Each structure stands twice: as C-alpha cells, then as structure tokens.
Amino acid sequence: MSTLPRTPRSRGCTQCIQRHVKCDGRPDYCRQCARFGLPCSGPIQGPIILDMSAKVSRPRKKRRATSRGVDERPDRLHASTDDSNSVISTEASNSSPPTEDDLAVRSDASPLSWDWQAAAQDSPLPDQNLSMIIMDILDNRSFFEQCFVEKFVELSTSSRLGVNPKRPRSWVFVLPDLLSNTHTPSVRFSIRAASLIFFAVFQHNKSAEVEAVRWYLAGLESHRGFIQGCSNTGTNSLTHRSVSSSPDISVPMMFLYFETMKRTSLDAWAHHIAAAVATVEAQGPDHYRVGQDHAMFRSLRTYAAFKAFLKNDPCGFASQEWCDVPFRDSTKIAYDFLIDVLLAVPHRLKLTLVPGGDFRDCLHRIAGLDASDRQTLERETLVLLQRLQNWWWHFTRETGVVAGRPTADLTRYAVDSLADPSPPGQCVFPDTLTAKTVSLYNSMMVIVYSVLLTLEECDPSALEGVLSPIPRYRSEIERHSSSVLMAAWYQSWRNPYCGDALRTGFSLKIVSWLGADEGQKKEAGRMMAIWGMESTIVGGPGD
C-alpha cells in the first residue's frame, strides 16, 4: 500500500505551533496564549489523514500504554467524533494562569457548576450520545455568556433608559460586542468578573462572588502578560493607533467597576484609573471625539476627577485641551461642566498631601501654612465657590430643579426603599442623572465650605460671635450634606447598583469625611455599606 501524506496529529492552535510550544488544545483560548495575552485561534479543526501502512500500523507497547493511561484517568472528559480518529479532552490542572475552561466549565465553589460524571450515571443515554451532549454544551457556552452579559448591561442601566433625552449613550452598551469580537483574553476575563460581581452584590450570592474573584485574578494576570509581551517585543499596542482603543480601556474600567462593587485593597481602584488615564493620554484628545471611545472617555473622566481629588493628585484631563477637544463633536451636559470644576480643585488649592493620606489630612495641614499661603488658598477657594454658584444658577434655570432644605427627621424617609425618597415639599428628582448631578454639586460645596471653615478656625483673630462666618460655614455644610443624602436616597429607591448610584458614592464619601453633623456622617456611611461600597473581600489580592 502506498504511504499517504501524514498530517501532524497535534490539534494545537496556530500561535503555539508557530512558537514551537506545547498547546493543550483547549477550545476558545489555550493556556499558553492566555498566559502571555496572545490572540488564540483555537485548536486546528478538520479531518486528520493517518498513515495506515503496515510499518506504521503495527501496535506498539508505548502507544498502547499511553492510550490505556488516557482511558483510566477519571478527571478527563472524552468526546469522540464520528471517524474515531480524534479526541477532545478537558482535564483539571493547577498550573497558572487559569484558562476559560478551568473557570467556566468546572467550578467547585459555585452551586451552579455541572457535574458531568453524576449526569453520566443518571442518564440512560449511551456514552457516545452523552459525549455529544457534553460537546454541544461546551460549544454553546459563549451564547449563554453573551446572554448573561446582556442581562448585566440591561440591569445596570435600566434606571436611565428613556428618561433624559439629553443624556449621552453609555459605553456599557458595547460590552456584548466587545465580548464577542475581541481576541484578547484579559478583555473577556474582566467583563466576566464585572458582570459576576454585579450579580453577587445584587443577589447577595457568595458563590458568585468567589467566581468573580477568580475571573478578576485571571484577568489581572492575563493583562500583565499582555503588557509584558508588548514591552518584550519593543512595541506598544496601546499608543498611536488609528483603530478604536475601547478594548484597551475597557480592561481597567471593568477592573475599576469590580473594585467599586467589592474592594480587594485600598488603592487598587486608583491604580486601575491611572492605567486607563495613561492609555487615553497616549492617544491624545482628538482620538476621543466620537464613537465608543468618546463615550468611554466621558466615564473615565469622571472617575479620574474623583481620584484627583481624593488622592490630591492633579490629572492631565484638567487642561483646557482635554476639556474642549473631546467635546467638539458632541454637546457637553451640565454634569460635564461640573467635572471641569472638580478636575481644577487640586490645581487651584495646591494642598500638601502626606504619603498615604487623603483630603482630610490636607485640611489638617492648613494650620501649618503661613499667613501669605493661607491668603492665597482662601482666594483660590473663593474662585471655585464663584464657579460653582454660577454653574448652579444656569443649571436650575435649564432644568427647573430646586432643592430645599430637608426636615430634621430624615432617616425615616430612607428606611423604607419603597417609600417616596424625598421628604414632603422638597426636591423630587426627575431621573438618576439629575440626582447624580445635584449630589456632586452639593458635595463640592461641602468641600469648599470645609476649606473656608478650616481657614477661619486657623485664624487666631476669628471669634465665635455675630461677625464670625464660622456658624454660617457649618450651616452651609449641613445644608449641602442633606441635599447629598436626598439624592442618594433617590438613587437607592430607583436602582442602588446602577452607574449613577456608584458615582453618587463619591458624594457620600465626602459627607462621611467632611460633614459637620455626626448624624449625617453616620447616615452617609450606612448607605455606602448598604450599597457594598465599603465592603472588602476577605483574602483578596494585595496591591
């Protein structure tokens, strides 16, 4: 018999074959590609032509032993094809990093994990039919995952749809497309981690939280490998590209969402924001004028402003170029103008921050400034106050929103989530965007009046009396803190886990830090605890 040309029996992916490394042949992504952040073509499919000549077809002891060893392993899953010439196997492994099959198909920590061995014992179907059913489940896993992510997008944005026509479209709606079209493992892993942690917090499901942490760790490792791979090859795939940079920014943004819902460390959220900002700044402001990139830039810009203030770390987005160029092809809404003011706070005040401290430490260090520096700080603070007052004047005339002073007994309106979120006769927010905007404005007023109050308290000539502004400053802090709590209660009534509510968490943080009334500070901390913003994952990864 003539010898037929022999095709290599390896079912590895194209990348592993080209790199001359062993491929485990896992569907979707192999372990080698996931480890180094490389795009994976998947195992080579198609018929395999075998050399069946007498010389080659003689049985060998080594080949029989290998075959027997494969059949006897209990933790392998075999799915035979019709020609019985190929085998697809999925086996357990503790090697790093975890792959999609390790985390998605086999999960000991999740009550939803599927035990195929138990199914095989209970099923009356023959083994071959059972194997084909298993193959069908593995092949359609991406479809179910797509539905899962789409449900996550729907629930996290349900409170904002069809309410405010001026509201820009959120970038979160592109997540299903990113999940289905991207070839970067870290993008898929980060989206899975964010969607799982949403359901874990929303349903108070500890098993879903465990699974979310596993995907989060896998995404971090894969993203590090991707960045290291770019550094080793001397290329930077994150800069100067003409195509969309949405997949590159989505990874740290999804990590940031994870940390917002459940913290793994104190400063991990700030590291993710810094990574996303560095990616955006490398592209330049012209790159983010339209499309998905512009929508993602709007969201990142908000969190960059939060980080700049909380860490007293000036951000490059505060420059006039970054405030104007990305919005040349779109309309700035009131919230965007407010973010402009917040980005300017670290540049204007120029307070000194101790290592590892926060804005409260900056206020304590005001007492150590000389008279000239205190005068400069007071002048810059009054400039910010004037900008905020002008913004509020235009905002109230455009929207008709007027927030009055809440009554003394506020807590009883927040206990029942089904009750009217606003006390009688007070502001009723038309949508979550307005509530988020009002809460940010009032929290910034708390910041400004806290600085002015500290300056007055540091002045030896300031006396508690009729002419002293200290009582008025404290009253203003209480009034604006109450408005923040009103907006937060409204968000909790509508949807405490939507993006607007998460951004309102920044305003609650300011009240818990700088509030003049202890009851308001405790209420702000209580609401953050209810929303899960102050909860941590025990045994989470370090910085």
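Colleague: What percentage of the contacts in the chain with a separation of 6 or more comes from residues 24 or more positions apart?

Modeller: This is a predicted model. Its chain has 23 helices and two strands. Among contacts with a separation of 6 or more, the share from residues 24 or more positions apart is 75%.

Colleague: How much of the chain is buried?

Modeller: Buried here means under 20% relative accessible area. Of the 543 residues in the chain, the share that is buried is 50%.

Colleague: Is α10 enclosed or open to the outside, and how many of its residues are buried?

Modeller: Helix α10 covers residues 185-203 and spans 27 Å between its end C-alpha atoms, close to the 27 Å expected at 1.5 Å a residue. Just after α10, H204 has a positive phi of about 55°. The helix is largely enclosed by the rest of the structure, because the buried residues number 17 of the 19.

Colleague: Are α10 and α12 roughly parallel or antiparallel?

Modeller: Their axes lie 9 Å apart, at an angle of about 25°. Angles under 35 degrees count as roughly parallel. The two helices, α10 and α12, are therefore roughly parallel.

Colleague: How are α12 and α13 oriented, roughly parallel or antiparallel?

Modeller: Helix α12 (residues 246-261) packs on helix α13 (residues 268-283) with axes 9 Å apart and an angle of about 160°. Angles over 145 degrees count as roughly antiparallel. That makes the orientation of α12 to α13 roughly antiparallel.

Colleague: How many charged residues are in the contact of α12 with α13?

Modeller: Here too the crossing is left-handed. Among the residues in contact are D248, F255 and E259 of α12, together with W269, H272 and V280 of α13. The contact has ten nonpolar and two polar residues, and its charged residues number two.

Colleague: Which residue with a positive phi follows α14?

Modeller: Helix α14 (residues 291-310) should span 28 Å with its 20 residues, and its end C-alpha atoms are 30 Å apart, which agrees. Since 18 of these 20 residues are buried, α14 is largely enclosed by the rest of the structure. The residue that follows α14 has a phi near 50° and is N312.

Colleague: How many nonpolar residues are in the contact of α22 with α23?

Modeller: The axes of α22 (residues 499-514) and α23 (residues 518-530) come within 8 Å and cross at roughly 145°. The crossing is left-handed. Residues in contact include L508 and W513 of α22 and A524 and M528 of α23. The contact has four polar and two charged residues, and its nonpolar residues number six.

Colleague: Beyond its neighbours within four places in sequence, which residues is S330 in contact with?

Modeller: S330 is in the loop between α15 (320-324) and α16 (334-349), and at 23% relative accessibility S330 counts as partly exposed. Its C-alpha atom is 7.5 Å from that of R289, 41 residues away along the chain. Leaving aside neighbours within four places, the residues in contact with S330 are H294 and R298.

Definitions and conventions
Residues are numbered from 1 along each chain as its sequence is written. This is a predicted model: local features need pLDDT of at least 70, side-chain atom pairs count only at pLDDT 80 or more; totals for chains, interfaces and linings use all residues. Side-chain values use heavy atoms; hydrogens and water are left out. Axes are lines fitted to C-alpha atoms, for helices over the stretch in contact, and angles run from 0 to 180 degrees between N-to-C directions. Helices (H or I, at least four residues) and strands (E, at least two) are DSSP runs, numbered from the N terminus. Angles under 35 degrees count as roughly parallel, over 145 as roughly antiparallel, 65 to 115 as roughly perpendicular and the rest as oblique. A crossing is left-handed if the near helix is turned anticlockwise from the far one by less than a right angle, and right-handed if clockwise. Contact means heavy atoms within 4.5 Å. Ala, Val, Leu, Ile, Met, Phe, Trp, Tyr, Cys and Pro count as nonpolar, Asp, Glu, Lys and Arg as charged, and the others, Gly among them, as polar. The expected span of a helix is 1.5 Å times one less than its number of residues. Buried means under 20% relative accessible area, exposed over 50%, partly exposed in between (1.4 Å probe, protein chains only).
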